[in-house]
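Trainee: I'm new to this one. Could you take a close look at the salt bridges and walk me through them?

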Amino acid sequence: MGVPGLDALLADGGVRGQRVFVRADLNVPLRDGRVSDDTRIRASLPTLRRLVDAGARVVVASHLGRPEGERRPELSLRPVAARLGELLEQRVAFADDCVGPAAEAVVDGLGEGEVALLENLRFHAGETKNDPEFARALAALADAYVNDAFGTAHRAHASTAGMVSQVARHAAGDLLASELQHLRVVLEPERPLLCLLGGAKVSDKLAVLEALAPRADVLAIGGAMAYTFLRALGQPTGASLVEETLVGEASKVLAAAKAAGRRLLLPTDHVVARELAEDAEARVVKEIPEGWMGLDVGPETAAAYAAEATRARTVFWNGPMGVFEMERFAGGTREVARGVAESAAVSVVGGGDSLAAINQLGLADRITHCSTGGGASLEFVQGLALPGVVALGDV
Ligand code: AMP
């Protein structure tokens, strides 16, 4: 099964002269009123170029940051329109609002093959609330709807879900289609499947841990999450971040992996410090001493996880192995990044820190698929239906 893609939309009556509303993910970092990293804008170009070439009147919409329903000038998409225009090598009109007369005037003014960007969707509270009236106002700007924003596909918002049924024709953009195609591999993997999960909190990733523990041939855990698991095994965790209320859940995940005959790996050595600081005294230990906290997996663990990547045929990785933002505690994440890149396995990597590690090492072209959506990819590999995908007619 699958969602209709751009090919179907372009073939089925074409889009020449039609207003095609593209929900893109242009949630990029800004500095001093300029786009400081345009990766997401570039990722949206293939779909936009195809629609421009097909003579559509292209209406692009996105969110930026979390304005929580208020007009916040520092979260305006105007600088993004400028950068998008440079990359597309054509003028991109900007509408000061994403609905109502300001948006309608700009969209009405578009000719064939022209592009407009609408102001931040989240300046309206109706976006994240999936308010039907707001969804109708968005749909009023569209003859056809394309979702290319994988990063928000796990949210049932007005622009990702509510408006879709009100537009006669819809399709997944090329970026969304490619994400779904690659992530499906994790659901139906060539085995062995290795899942590497890191990051700060078990509470954020409990559902994915529960889903993957019985399914992955090997589930290797790093980051602060590991300490809640070590506590569940009765091992010393010193002053490391342990989520006391989830120790019981961690035990259940360990038991589920065991019952399914799967391997769940935890760090066997650690980089520890007494404080979370770049210049803190750091040591590598096998057992975390009282008063010290684990801030990265140790070299033995990193090498073991990297070796698992070499043996696997499918690898899914989300989340850093340590406090990757600080050089002193970035070694584990880097070593794992190297291992995943060197592996011949099909590799899918999601999440900001894991991708940052891959990019810093210049290894992105050795990863099968770098996902643009951390949270959405975690929901997808659990086997959950993504509202933005369901809305497009996936069955
Ligand atoms: P997440 O957003 O859940 O992927 O978590 C990413 C965050 O986890 C990063 O900011 C890391 O600094 C943090 N993190 C990873 N390992 C540790 C650790 N051992 N102790 C504290 N924070 C950590």
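Mentor: Let's start with the term itself: a salt bridge here is a side-chain nitrogen of Lys or Arg within 4 Å of a carboxyl oxygen of Asp or Glu. Keep in mind that this is a predicted model. By that rule, Arg283 and Glu281 pair up through their side chains, with N and O 3.4 Å apart. Arg283 is partly exposed at 39% relative accessible area, and Glu281 is partly exposed too, at 43%. Elsewhere, salt bridges with shared partners link Asp38, Arg42, Arg83 and Glu86 into one network.

Asp174 meets Arg50, with the closest N and O atoms 3.1 Å apart. Asp174 sits in helix H8 and Arg50 in helix H2 (residues 39-53), so this pair ties together parts that are 124 residues apart in sequence. Asp174 is partly exposed at 26%, and Arg50 counts as partly exposed at 27%.

Then there's Arg262 with Asp217, at 3.3 Å from N to O. Arg262 is in the loop between helix H11 (247-259) and strand S11 (263-265), while Asp217 is in the loop between helix H9 (202-212) and strand S10 (218-221), so the pair ties together parts 45 residues apart in sequence. Arg262 is partly exposed at 25%, whereas Asp217 is buried at 18%.

And the domains? The protein is divided into domain 1 (6-179) and domain 2 (189-381), and between them the count is zero salt bridges. Three residue pairs do make polar contact across that interface.

Terms used: Residues numbered from 1 in each chain as written. Predicted model: local features only at pLDDT ≥ 70, side-chain atom pairs only at ≥ 80, totals over all residues. Heavy atoms only, no water. Domains from an automatic or database assignment. Polar contact = N/O pair within 3.5 Å; in protein donor to acceptor, adjacent residues only side chain to side chain. Helix = DSSP H or I, 4+ residues; strand = E, 2+ residues; numbered from the N terminus. Buried < 20%, exposed > 50% of the residue type's maximum accessible area, 1.4 Å probe, protein only.
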